[in-house]
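Let's take a walk through this structure together, from its overall layout to a few individual contacts. Have the sequence at hand and turn the model as you read.

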Amino acid sequence: MAQGNKFKKSGGGGSSSSSSSLSAKQRKKSVAAMKKQQRKQALTASKGRRTIQAKGRKLVESKPIQNATKAINKKNEILASAKAVAAGNTFFLNEIKEKGNKEIHRMNQSKVKKETGSNKLSSRLKKQLRKMGRDV
């Protein structure tokens, strides 16, 4: 059988002269290769997501997007907290609870304001004419 050497342990790298020449090759890298390797290591994060900070024009373009995203997230958090508080669940985060209560109060006020306003067609038309500057 040709597979007789299947269980024979190998010496690792062959003769000792080839392993010493291999390590010599690893030590002698060009300056450009070293710089390239350092750049590659700097760009790749060791753990987690890879994040590279924006510079110049991209930074200026991304700031409004980031601000809009933050505002949307804040509004969504307030609405979610208002729903959670209104549902009657026990809530332990006081800051979010207060924001939720304020949002509920604000929504109720706007609803009452809409309901108590003039709901008849004639009064609404008169109100629009007054806004345009016509005396009625």
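Start with helix α2, which covers residues 31-43 and contains Lys40. Before going further, a word on the ground rules: this is a predicted model, in which local features need pLDDT of at least 70 and side-chain atom pairs count only at pLDDT 80 or more, while totals for chains, interfaces and linings use all residues. Residues are numbered from 1 along each chain as its sequence is written, and side-chain values use heavy atoms, with hydrogens and water left out.

Lys40 is exposed, its relative accessible area being 61%; here exposed means over 50%, buried under 20%, and partly exposed in between, with a 1.4 Å probe and protein chains only. Together with Lys35, Lys36 and Arg39, Lys40 makes up a patch of positive charge on the surface. Such a patch takes residues with over 30% relative accessible area and no salt bridge, joining like charges within 9 Å (for nonpolar side chains, namely Val, Leu, Ile, Met, Phe, Trp and Tyr, the limit is 5 Å). Lys and Arg count as positive and Asp and Glu as negative, with His and the chain ends not counted; each charge is placed at NZ of Lys, CZ of Arg, CG of Asp or CD of Glu.

Now zoom out. The chain has five helices and zero strands, so the order from the N terminus on reads α-α-α-α-α; helices (H or I, at least four residues) and strands (E, at least two) are DSSP runs, numbered from the N terminus. Of the 136 residues, 5% count as buried. The chain exposes about 13,200 Å², and carbon and sulfur atoms supply 55% of that area, as given by the Shrake-Rupley method with a 1.4 Å probe, where for residues only the protein chains shown count as cover.

Next, the charged pairs. The model has three salt bridges, each defined as a side-chain nitrogen of Lys or Arg within 4 Å of a carboxyl oxygen of Asp or Glu. In one, Glu61 meets Arg57 at 3.1 Å, N to O. These two residues are four apart in helix α3 (residues 57-86), which means that about one helical turn separates them. Arg57 is exposed at 61% relative accessibility, whereas Glu61 is partly exposed at 43%.

Another bridge joins Glu77 to Lys99, with the closest N and O atoms 3.8 Å apart. This pair links distant parts of the chain, since Glu77 sits in helix α3 and Lys99 in helix α4 (residues 94-116), 22 residues apart. Glu77 is partly exposed at 38%, and Lys99 is partly exposed at 32%.

Which residue does Arg106 meet in a salt bridge? Its partner is Glu103, at 2.7 Å, N to O. They lie three residues apart in helix α4, so about one helical turn lies between them. Arg106 is partly exposed at 48%, but Glu103 counts as buried at 10%. Look also at Ile78 in helix α3, which is buried at 19% relative accessibility. Ile78 and Glu103 are 25 residues apart in sequence, with their C-alpha atoms 6.9 Å apart in space.

Finish at helix α5, residues 121-132. Its twelve residues should span 16 Å at 1.5 Å a residue, and the end C-alpha atoms are 17 Å apart, which agrees; the expected span is 1.5 Å times one less than the number of residues. Just after α5, Gly133 takes a positive phi of about 105°.
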